[in-house]
Amino acid sequence: MKSQSFQDKLDIIIEKVFLWAIPEWVKPNWLTYFRILTVPIIGYLLHNGNIKSAFILFIVSVSSDFLDGTIARRRNKITDLGKVLDPIADKMLIATILIYIGFEYLIIKIFLIFIIFEIISVIFGSVLAYKIGRPVGANIYGKIKMVLQSLSVGTFLIGIFLNNKLLITGSVYVLSIALFFAVLAGIEVYRKKRIVLKKHFKNFIRSI
């Protein structure tokens, strides 16, 4: 209830500040598609050393993550497809920048492995959910993780652009904290899916 209340308050703030400028006919999934489309573009810009442009596009892209969820909830446009694509788009975006940063830092290796398992979990979990119930949506831990990892990789890009080791070191510590919340988010998703599985199993037993 507390996490839900926090999400509601955050949605109200985002709605008052930003949603007035977004027409009612805009679908939240369109913003998710946009985020997915920016991934290869950001990768291309980073590959060509255009860090400044990549950073700007990253900020625009990651901002869409907070808008699409609020639009879906406040305008009653939540879809099962959105619940699946939204986390995948986030993970693709973050993973692209982490891969560019490289594997010098252990936390980046760990985070990339975690992201791979998260994507696999989302895909297989969604297939299962479509057969026995609706896909599980995002939780507050996942939102905190997204904020922290976005802050981390964004700071990392600035640090590389300015050749500032202090910013780079700071971003590594923030990413470590983000990993902690990523684990909490994974545990929460598992707990919710287990509840759905138990309910489905009980209904199946009753139908025999």
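**Close-up views of a predicted helical model**

Welcome to a predicted model, in which local features need pLDDT of at least 70, side-chain atom pairs count only at pLDDT 80 or more, and totals for chains, interfaces and linings use all residues. Residues are numbered from 1 along each chain as its sequence is written, and side-chain values use heavy atoms, with hydrogens and water left out.

View 1. Arg35 is buried, at 0% relative accessible area. The side chains of Asp65 and Arg35 form a salt bridge of 3.5 Å, N to O (a side-chain nitrogen of Lys or Arg within 4 Å of a carboxyl oxygen of Asp or Glu). This pair links helix H3 to helix H2 across 30 residues (helices are DSSP runs of H or I, at least four residues, numbered from the N terminus). Asp86 also bridges to Arg35, with the closest N and O atoms 2.5 Å apart; here helix H4 is linked to helix H2, 51 residues apart. Through shared partners, salt bridges join Arg35, Asp65, Asp68, Asp86 and Asp90 into one network.

**View 2. Asp90 in helix H4.** Asp90 sits in helix H4 and counts as buried because its relative accessibility is 9%. Setting aside residues up to four places away in sequence, Asp90 touches Arg35, Asp65 and Met146 (contact means heavy atoms within 4.5 Å).

View 3. Arg75 and Glu24 meet through their side chains at 3.7 Å, N to O. Arg75 lies in the loop between H3 and H4 and Glu24 in the loop between H1 and H2, so the pair ties together parts 51 residues apart in sequence. Arg75 is buried at 16% relative accessibility, whereas Glu24 is exposed at 55%.

**View 4. The largest nonpolar core.** Of its 31 residues, Ile42, Phe58, Ile97, Leu98, Ile108 and Phe111 touch the most other members (a core is a set of buried Ala, Val, Leu, Ile, Met, Phe, Trp, Tyr and Cys residues joined through side-chain atoms within 4.5 Å). H2, H3, H4, H5, H6 and H7 each supply at least two residues of this core. Beyond its neighbours within four places in sequence, Ile108 is in contact with Leu98, Ile101, Gly102, Phe156 and Leu175.

Conventions: Buried means under 20% relative accessible area, exposed over 50%, partly exposed in between (1.4 Å probe, protein chains only).
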